[in-house]
Amino acid sequence: MEEGAPVRFVVDVMLGSLARWLRWLGYDTDYANDRDDRELVRIARAEGRVLLTRDSTLAVRRGISAMLIESQVLDEQLAQVVRAFPLPQGMSLPRCSECNTLLQNVSPDAVMDCVPVYVYRTHKHFRRCPGCGRIYWPGSHWERIGRRLKRMGLEERDPNPTDAP
Ligand SMILES: [Zn+2]
């Protein structure tokens with residue numbers, strides 16, 4: 001890994017929830033639910049990604065960086081990763097939890113036809129995934145994440161701190 005470059009992960013098939021949350025926090029996280037050990041190791045090696053795994057034999061595989069995730073509790077898994085690899089300052093752009101693409105801010109008018117009327121009327125800030133088209137707004141995903149981070153004792157990184165509920 002390059003010095004100072006943000007950490008990138010490849011996540012094994014047993015850790016899908018962790019992968020989605022890491023993406024939302026802004027970590028570049030490669031995940032697919034159909035990879036075997038050989039493929040995971042190949043990606044970690046070829047792309048310099050840190051392998052997150054619950055498999056203790058995989059975690060000590062030579063030639064790759066890996067972290068053994070011991071807990072089965074999502075909060076504890078997230079806390080382990082975030083403490084070991086804190087997000088660099090200024091790198092707070094969330095990624096799509098489904099496909100790892102960086103999200104873009106979009107105006108309410110741009111999503112008017114894609115979200116429920118109630119959501120359109122009651123929210124001013126939206127983000128869209130240019131990869132898969134998924135749309136995010138505060139009150140759905142964002143609030144749950146804020147609560148979870150607070151529970152974990154980690155700082156909440158609210159993308160829109162002035163947004164009133
Ligand atoms: Zn997406």
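This is a predicted model: local features need pLDDT of at least 70, side-chain atom pairs count only at pLDDT 80 or more; totals for chains, interfaces and linings use all residues.
Two residues are said to be in contact if their C-beta atoms, placed from the backbone, lie within 7 Å. Residues are numbered from 1 along each chain as its sequence is written.

The protein chain holds 7 helices and 7 strands, where helices (H or I, at least four residues) and strands (E, at least two) are DSSP runs numbered from the N terminus. Read from the N terminus on, its elements follow the pattern β-α-β-α-β-α-β-α-β-α-α-β-β-α. Of the 165 residues in the protein chain, 27% count as buried. Here a residue is buried if 20 or more other C-beta atoms lie within 10 Å of its own, exposed if 12 or fewer, and partly exposed in between, with C-beta atoms placed from the backbone. Among the contacts in the protein chain with a separation of 6 or more, 47% involve residues 24 or more positions apart.

The strands can be taken next. Strands of a sheet pair through backbone hydrogen bonds, either parallel or antiparallel; in this analysis, two strands pair if DSSP finds at least two bridges between them. An open sheet of 4 strands shows parallel pairing in the order β2-β1-β3-β4. Its edge strands are β2 (28–31) and β4 (66–68), each of which pairs on one side only. On average, neighbouring strands of this sheet are turned by 25 degrees against each other, direction ignored.

Inside this sheet, strand β1 (residues 8–11) runs parallel to strand β3 (residues 50–53), and 3 bridges join the two. Val11 has Leu52 of β3 as its bridge partner. Strand β3 also pairs with β4, in the parallel sense and over 3 bridges; there, the bridge partner of Leu52 is Met67 in β4. Both faces of β3 are covered, with Val50 and Leu52 buried on one side and Leu51 and Thr53 buried on the other.

Helix α2 (residues 37–47) lies across β1, β2, β3 and β4 and runs at about 170 degrees to β1. For such angles, axes are lines fitted to C-alpha atoms, for helices over the stretch in contact, and the values run from 0 to 180 degrees between N-to-C directions. The buried residues of α2 are Leu40, Val41 and Ala44. They sit on the same side of α2 because they cover an arc of only 95 degrees around the axis, the arc being that of the directions from the helix axis to the C-beta atoms. An α-helix has 3.6 residues a turn, so residues three or four places apart point the same way. The buried residues of α2 pack against β1, β3 and β4, whereas Arg38, Ala46 and Glu47 are exposed on the other side of the helix. Just after α2, Gly48 takes a positive phi of about 65 degrees.

Helix α4 (residues 74–84) has Gln77, Leu78 and Val81 as its buried residues. Seen down the axis of α4, these fall within an arc of 95 degrees, so they line one face of the helix. In helix α1 (residues 16–25) lies Arg20, which counts as buried because it has 20 C-beta neighbours inside 10 Å.

What do these pieces build in the interior? A nonpolar core is a set of buried Ala, Val, Leu, Ile, Met, Phe, Trp, Tyr and Cys residues joined through C-beta atoms within 7 Å. The largest such core has 23 residues, and those with the most contacts inside it are Phe9, Val11, Leu18, Leu22, Ala44, Leu51 and Leu52. At least two residues of this core come from each of β1, α1, α2, β3 and α4, and α1 gives the most, with 6 residues. Leaving aside neighbours within four places in sequence, Leu51 is in contact with Val10, Asp12, Leu40, Ala44, Leu58, Ile64, Ser65 and Ala66. A second, separate core of 6 residues includes Cys96, Leu103, Cys129 and Tyr136.

Another open sheet remains, with 3 strands in the order β5-β6-β7 and antiparallel pairing. Strands β5 (104–106) and β7 (135–136) stand at its edges with a single partner strand each, so one side of each is left without a neighbour in the sheet. Strand β6 (residues 126–128) and β7 run antiparallel and are joined by 2 bridges, and Arg128 stands opposite Ile135 in β7.
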